[in-house]
Amino acid sequence: MGLELYLDLLSQPCRAIYIFAKKNRIPFEMRTVELLKGQHLGDAFAQVNPLKKVPALKDGDFILTESVAILLYLTRKYEVPDYWYPQDLQARARVDEYLAWQHTGLRRNCLRALWHKVMFPVFLGEPVPPQMLAATLSELDVTLQLLEDKFLQNKAFLAGAHISLADLVAITELMHPVGAGCQVFEGRPKLDAWRQRVEVAVGKDLFQEAHEVVLKAKDSPPADPMIKQKMMPGVLAMIQ
């Protein structure tokens, strides 16, 4: 059995891995795990990842979880261009710096924006108090400013002159609030120019394909009551 990737393109980490593998022509079998149907909570997927989270990688008998670990594994196993995860010590450190920050920085606030603005009221049927939504969007705005001022600065890409894993992880994350209808690039010409460079570097068709699901998140049907009951504790833990 070749490389298997367990993904749902609603998930940002899954989109980053999917784009990376497709862009670099890494052969893989995609095993779709539908989060909104609770498939990640089932016993079958728990045999792959006891944490019951996507993404997951299976390479023969070897199983790996956690998106950053998977991305780094793919850069080391396959012949991909050096710019994704540079050999130069300081350039690589810049990528590592962003990947270390993003979990509790951009990722947290982008995920909260999607769930508070769309998934709670539309999918779970749980209204979010206006003051909570306003606080979420305010925190997102602060994080976007940090992304510009600390990481992008006046560079073409987050780690320098070329696209890297940092840019891929960041852009797929920002598509969460975009899918929720947030105009995250409006009034931010520097960030918007960066977005356009990343899309070109990735390939616009591939970028659009990978984000089709999240851009339609607002059209999600209401959750089955049993699915809602099973998912709610995990969702709350993830976005609080």
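Trainee: Which residue lies over the face of F185, and how far is it from the ring centre?

Mentor: A charge counts as sitting over a ring if NZ of Lys or CZ of Arg is within 6 Å of the ring centre and within 35 degrees of the ring normal. Here R195 lies over the face of F185, 5.1 Å from the ring centre. K150 gives another case: its charged end sits over the ring of F151, at 5.7 Å from the centre. Before we go on, note that this is a predicted model, where local features need pLDDT of at least 70 and side-chain atom pairs count only at pLDDT 80 or more, while totals for chains, interfaces and linings use all residues. Residues are numbered from 1 along each chain as its sequence is written, and side-chain values use heavy atoms, with hydrogens and water left out.

Trainee: How many aromatic pairs does the structure hold?

Mentor: Rings of Phe, Tyr and Trp (its six-membered ring) pair if their centres lie within 6.5 Å; planes under 30 degrees apart are stacked, over 60 edge-to-face, and the rest tilted. The structure holds nine such pairs.

Trainee: Why is the pair of Y6 and F45 called tilted?

Mentor: Their planes meet at 50 degrees, with the ring centres 6.0 Å apart, so this pair is tilted. Y6 is in strand β1 (residues 3–7) and F45 in helix α2 (residues 43–46), so the pair links parts of the chain 39 residues apart. Helices (H or I, at least four residues) and strands (E, at least two) are DSSP runs, numbered from the N terminus.

Trainee: Are Y6 and F45 buried or exposed?

Mentor: Buried means under 20% relative accessible area, exposed over 50%, and partly exposed in between (1.4 Å probe, protein chains only). Both Y6 and F45 are buried.

Trainee: What kind of pair do F20 and W84 form?

Mentor: They are edge-to-face, with 5.2 Å between centres and 80 degrees between planes. F20 is in helix α1 (residues 12–23), while W84 is in the loop between α3 (67–77) and α4 (89–102), so the pair ties together parts 64 residues apart in sequence.

Trainee: Which residues of α8 are buried?

Mentor: They are L191, W194, R195, V198, E199 and V202. An α-helix has 3.6 residues a turn, so residues three or four places apart point the same way. In α8 the buried residues fall within an arc of 135 degrees, so they line one face of the helix; the arc is taken from the directions from the helix axis to the C-beta atoms. The face turned away from that buried side carries the exposed P189 and V200. The cover over the buried residues includes α1, α6 (130–152), α7 (165–179) and α9 (204–215).

Trainee: What does Q12 touch, leaving aside its neighbours within four places in sequence?

Mentor: Contact means heavy atoms within 4.5 Å. Q12, in helix α1, is in contact with R107, V169, T172, E173 and H176. Q12 is buried, at 3% relative accessible area, and a polar atom of its side chain lies 3.2 Å from the backbone oxygen of V169.

Trainee: Where is E79, and is it buried or exposed?

Mentor: E79 is in the loop between α3 and α4, and its relative accessible area of 81% makes it exposed. P27, in the loop between α1 and β2 (29–32), also counts as exposed, at 57%.

Technical notes: A polar contact is a pair of N or O atoms within 3.5 Å; within protein, one must be able to donate a hydrogen and the other to accept it, and residues adjacent in sequence count only if both atoms are side-chain atoms.
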